[in-house]
Amino acid sequence: MALDGITAQLLSRELNDELTGARIDKVFQPDKYTVILHIRTISGIKKLLISVNPSAPRINITDSTRENPQTPPSFCMLLRKYLSGSKIISVSNPGYERIIEIEVTSTDELHDVKNIKLTAELMGRYSNLILINPNGRILDSIVHVDYSVSRVREVMPARIYEYPPSQDKFTCEEVLKIASEGVMPIEEEEMGRPIEKALLNSIKGISPNLCRQLCLKAYVDDRMPAKNLSSQEKQAITKVVCELASKVVNYAISPASYYSEDDMACEYSPFALQGYPKKKDASTLSQAIDMYYHEKDRFI
């Protein structure tokens, strides 16, 4: 699966708790889309894998090993210059977007202390990894996006970094407020769409699969237009959406990876999912993601 905004928000909280105060020891770039940071924590070295591969963007602590090229790519050398020896200040997510930001403090050649930000945009074919200086300008990115590629947003050295355009949807905090008033948290203009699509287009950071899971738990046909739901069905949808939003806000997660009967990796999630033959519980979201891709990569 692709990392959704809700998972990114929860994952950033997990990584922030685990990595804040730790130091980046080494930086590697085993392939054109992947960077691995060796981070020295109180409990030992942890490897943080950041992949902006369009087909599998992700960020997680991993136990896997990768072979590195004899000559490091230029982006890797730049990361080593700015990140090696730096201290992680925070790991954050800007409002349920598919973005995770790692802010570090480092000392330059003049012994000045500066804050640098490594931003992972995990958005399918638009995924990127961007290093940003204290003034908000891009030092470099793993993928260059110039005017010929995007007239909306360039990602090039020396440009001011700007977030991708944000979608105007309900956050989980807003969902809880709306649901507490007994109202189904769906935008008015989405009421004519099938309930699965209506939820997807109304709630920020939610994935299509999670929308289907909500319909399944509410015993509602996900193809039914939202406006045609009965009062009982609307109440059921409101209840399960409220429960999900509460779990997100209160960080009440049950991370696991899910598999088919023949052990093919199907999904990972911070929440319990229905309809999968096999499940492997994980102690963290990072572990669930790592288990999923460990199995997924075996069949590539």
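Me: Is S90 buried or exposed in this predicted model?
Reply: The model is predicted: local features require pLDDT of at least 70, side-chain atom pairs count only at pLDDT 80 or more, and totals for chains, interfaces and linings use all residues. Residues are numbered from 1 along each chain as its sequence is written, and side-chain values use heavy atoms, with hydrogens and water left out. Buried means under 20% relative accessible area, exposed over 50%, and partly exposed in between (1.4 Å probe, protein chains only). Because S90 has a relative accessibility of 19%, this residue counts as buried.

Me: Which residues is S90 in contact with, leaving aside its neighbours within four places in sequence?
Reply: S90 belongs to strand β5, residues 87-92; helices (H or I, at least four residues) and strands (E, at least two) are DSSP runs, numbered from the N terminus. Contact means heavy atoms within 4.5 Å. With neighbours within four places in sequence set aside, the contacts of S90 are N16, T20, E101, I102 and E103.

Me: Where does N16 lie, and which residues is N16 in contact with, leaving aside its neighbours within four places in sequence?
Reply: N16 is part of helix α1. Its relative accessible area is 24%, so N16 is partly exposed. Apart from neighbours within four places in sequence, N16 is in contact with S90 and V91.

Me: What covers the buried residues of α5?
Reply: Helix α5 spans residues 208-217, and its buried residues are N209, L210, C211, Q213, L214 and C215. The elements that cover them include α1 (5-19), α4 (195-200), α6 (231-249) and β11 (265-269).

Me: How many salt bridges does a search of the whole structure find?
Reply: A salt bridge is a side-chain nitrogen of Lys or Arg within 4 Å of a carboxyl oxygen of Asp or Glu. One of them joins R223 and D221 at 3.1 Å, N to O. The search of the whole structure gives a total of 12.

Me: What is the N to O distance in the salt bridge of R193 and E190?
Reply: R193 counts as partly exposed because its relative accessibility is 41%. E190 has a relative accessible area of 11% and is therefore buried. Their side chains meet in a salt bridge with an N to O distance of 2.7 Å.

Me: How far apart are the closest N and O atoms of K279 and D281?
Reply: K279, at 43% relative accessibility, counts as partly exposed. D281, at 57%, counts as exposed. In the salt bridge between K279 and D281, the closest N and O atoms are separated by 3.2 Å.
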